[in-house]
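Reader: I'm new to this one. Could you walk me through how to read it?

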Amino acid sequence: MHDIKAIRENPDLFETVWSAKGFSGKAAEAVALDAALRSAQTAVQEAQAKRNESSKLIGAAKAKKDEAEAARLMAEVEALKGVLAEQGVVEAEKAAQLHDLLAGLPNIPYPDVPKGDDEEGNIEQRRWGDAASLPAGKLSTVKDHVDLGEALGGMDFEAAARMSGSRFVVLKGQVARLERAIGQFMLDLQVGEHGYTEVNPPVLVKAPALFGTTQLPKFEDDLFKTTDDRYLIPTAEVTLTNIVREQILTEEELPLRLTALTNCFRAEAGSAGRDTRGMIRQHQFSKVELVAITTPDASAEEHERMTTCAEAVLKRLELPFRTMLLCTGDMGFGSRKTYDLEVWLPSQNTFREISSCSNYGEFTARRMETRYRKTGEKGTHFVHTLNGSGLAVGRTLVAVLENYQDENGRIAIPSVLQPYMGGLTHIGG
């Protein structure tokens, strides 16, 4: 959500950003609606003041037995009631129109975000790992995770399709155990070493929670809705961030760092024909989410820290990856700055996204009405919210299977996962 005062003070900045994303003319529209709203509010306030003044004078006129003046004043009060009702309707209409307009407009990137139209404008920040040193790097021909998983008897896409349709999978045996091990390792790392607090949140939420974290109203088509007007979460960002909705926090409580391992559910409405094979893009998947709630002056540093925490997972698993700074045209709706982590997939001979770490500034805090009070001050300020994947468990499973395959179709288990696998060093063969 946007601060209308900021739009009034610098409409050209907002118009430039929004026009580039297909929202031309919206800054002027917002300013015009705001002016109409404030005009109606002024009319209401003036009418209320005049009505109160006239009401007091009625008693004085009656005390003086000036019935004509009392009658005139009573007629004036009655007319002002009509003005109040009329302007009250205008005020409510303009407030709703302005709210709906601002709710549908994307966030403004930070100045250091590169300009660009799409992923071609993203800038690589760093690269880590050597794919050639992993088992798959020594093979002349590599298999993808589908062939590997099915050969191990650990992936059954046909059974999933029979019961649930496309974009689902049944994991079995040691492959299922490996996925569980990956999720538990991620959660333990973020809690034990990076100081995040583990949370076990609901996976069903009401609409206001999704509005708070920007999935509604813009992305409703990508959500699964129940018959009682609840939604399955597309990410635990929704529940973790909304823990502080409508709260006033103290400065001493910040930063809050929260993490959860949950199932996530996405309709993938805009991905027809994309990644239809395998586990890259599914309707149900598990993910370890990272959320931070902090002060405005600390959010940039917290963003770098969160990204490092996500990178640490890939480093411990010894999976090659690169970190990309997204350009303005490739960022999400609510983000002011985003880093994507992309892991190496040998079957595709390319890097694929496995995490996005974003700084939303005060954008979601305004939608959730979440503030904090500085020590020694009476007023309140909006917090800054950040979120990131630490990591997507299914995609990490894909990367482990593909990078750690050998010529016999066995999968070497990364050393950090072996304690979660009962000491196994390989699966298959």
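Predicted model: local features only at pLDDT ≥ 70, side-chain atom pairs only at ≥ 80, totals over all residues.

Reader: Okay, sheets. In what order do the three strands of the open sheet come?

Author: The general idea is that strands of a sheet pair through backbone hydrogen bonds, either parallel or antiparallel. Here the order is β5-β7-β6, with antiparallel pairing. Strands are DSSP runs of E, at least two residues long, and helices are runs of H or I, at least four, all numbered from the N terminus. Two strands pair if DSSP finds at least two bridges between them.

Reader: Which strands are at the edges?

Author: β5 (204-206) and β6 (224-225), since each pairs on one side only. Between β5 and β7 (residues 230-232) there are three bridges, and Lys206 stands opposite Arg230 in β7.

Reader: Now the salt bridges. How many does a search of the whole structure find?

Author: Side chains of opposite charge can pair when their charged atoms come close. The cut-off used is a side-chain nitrogen of Lys or Arg within 4 Å of a carboxyl oxygen of Asp or Glu. By that rule, the search finds 21.

Reader: Which residue forms a salt bridge with Arg8?

Author: Asp34, with the closest N and O atoms 2.8 Å apart. That pair links distant parts of the chain: Arg8 is in helix α1 (residues 4-9) and Asp34 in helix α3 (residues 26-63), 26 residues apart. Asp34 also forms a salt bridge with Arg38, at 3.2 Å between the closest N and O atoms. Arg38 and Asp34 are about one helical turn apart, because they sit four residues apart in helix α3.

Reader: Is Asp34 buried or exposed?

Author: Buried means under 20% relative accessible area, exposed over 50%, and partly exposed in between (1.4 Å probe, protein chains only). Asp34 has 3%, so Asp34 counts as buried. Arg8, at 32%, is partly exposed, and so is Arg38, at 40%.

Reader: Where is the partner of Asp112, Lys337?

Author: Lys337 is in strand β12 (residues 337-345), while Asp112 is in the loop between α4 (67-103) and β1 (123-128), 225 residues apart. Their side chains meet in a salt bridge at 2.6 Å, N to O. Lys337 is buried at 10%, whereas Asp112 is partly exposed at 46%.

Conventions
Residues numbered from 1 in each chain as written. Heavy atoms only, no water.
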